[in-house]
Amino acid sequence: MLQALGSEQMRPFTIVLLGLLLVTLLGFAALLVFKISVLPTEIEPAHFAAYGTLIGGVLTPMTIIVAAFALLQRERAHQAEMKNLQSQSNRLDLMRFIQKIEKDIQNALDKLTINVTYKQEDIHATGNDAFLNLTFLEWPAVIPSEKQVKERLKASNGQVSRNEPLIICYEAFSTITIYLNSLRQYCEEHDRLSGTNMTTLYFLRKYRIGIQRLSDQGYGVHKWKPMAQQNAQADTGVPSV
């Protein structure tokens, strides 16, 4: 960013330098015309006055134009600098939101410690195991599907305690799904402003297992697609999900 700002600030100086060079060339041209038209004859004071008028009439407008261009370019550089600063401020705000959501997800996972039954075996599980641990094969007992919850409600005629493990887990991972969808939006916006896909890729790799498991259980988690992947799909005409 500093290099970009530096190049923007150099433009007015370059224009002024070129303008001075042009003014100098015009001055020499005027002097040459004066020399050819006047020097063969006797030089009189009136000739110098005419030469001064010629120089003033030619160089003054050119100087004003060069100064106006330099001022315009400086204003554009200032606007570009302000835009970059605003973009940087927006990225910092987005990163604070992203870190807050990441902390909320971790807190929700840490709070979930539960005993469940999987294939007729009692299992002590945590939210981190079910969401992040690739080797934890009993995760379907901790991340129940909507179908399982509906069947449980139907079997009990809607009389289900909120302290029941099935309901506790379903509510916890429904909340985590909401967090993930918000996190995805903030990450994509941050990447759009920064021109990279590093933020989205980081969280996609971190939560890949959990996102896939929530998707398999029908929680409605949105698809994570880094900016580069979206651009590739746009180029090939493949619609994004």
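Y202 has 47% relative accessibility and counts as partly exposed. The model is predicted, so local features need pLDDT of at least 70 and side-chain atom pairs count only at pLDDT 80 or more, while totals for chains, interfaces and linings use all residues. Residues are numbered from 1 along each chain as its sequence is written, and side-chain values use heavy atoms, with hydrogens and water left out.

**Aromatic pairs**

The whole structure holds six aromatic pairs. Rings of Phe, Tyr and Trp (its six-membered ring) pair if their centres lie within 6.5 Å; planes under 30 degrees apart are stacked, over 60 edge-to-face, and the rest tilted.

Helices are DSSP runs (H or I, at least four residues), numbered from the N terminus. F131 is buried at 0% relative accessibility. Y207 is buried too, at 1%.

Y202 pairs with F203 in an edge-to-face arrangement, 4.8 Å centre to centre with 80° between the planes. F203 is buried at 4% relative accessibility, whereas Y202 is partly exposed. One aromatic cluster takes in F131, F173, Y202, F203 and Y207.

**Salt bridges**

Side chains of opposite charge can pair when their charged atoms come close. A salt bridge needs a side-chain nitrogen of Lys or Arg within 4 Å of a carboxyl oxygen of Asp or Glu. The count comes to seven. Among them are these:

| Salt bridge | N to O distance |
|---|---|
| D93 and R96 | 2.1 Å |
| D104 and K100 | 2.9 Å |
| E146 and K150 | 3.3 Å |

D93 and R96 are three residues apart in helix α2 (residues 45-111), about one helical turn. D104 and K100 also lie in helix α2, four residues apart, about one turn of the helix. E146 and K150 are in helix α5 (residues 146-155), again four residues and about one turn apart.

How accessible are these partners? D93 is partly exposed, with a relative accessible area of 30%. K100 is partly exposed at 46% relative accessibility. E146 is partly exposed at 35%, and K150 is exposed at 52%.

Note on methods. Buried < 20%, exposed > 50% of the residue type's maximum accessible area, 1.4 Å probe, protein only. Helix = DSSP H or I, 4+ residues; strand = E, 2+ residues; numbered from the N terminus.
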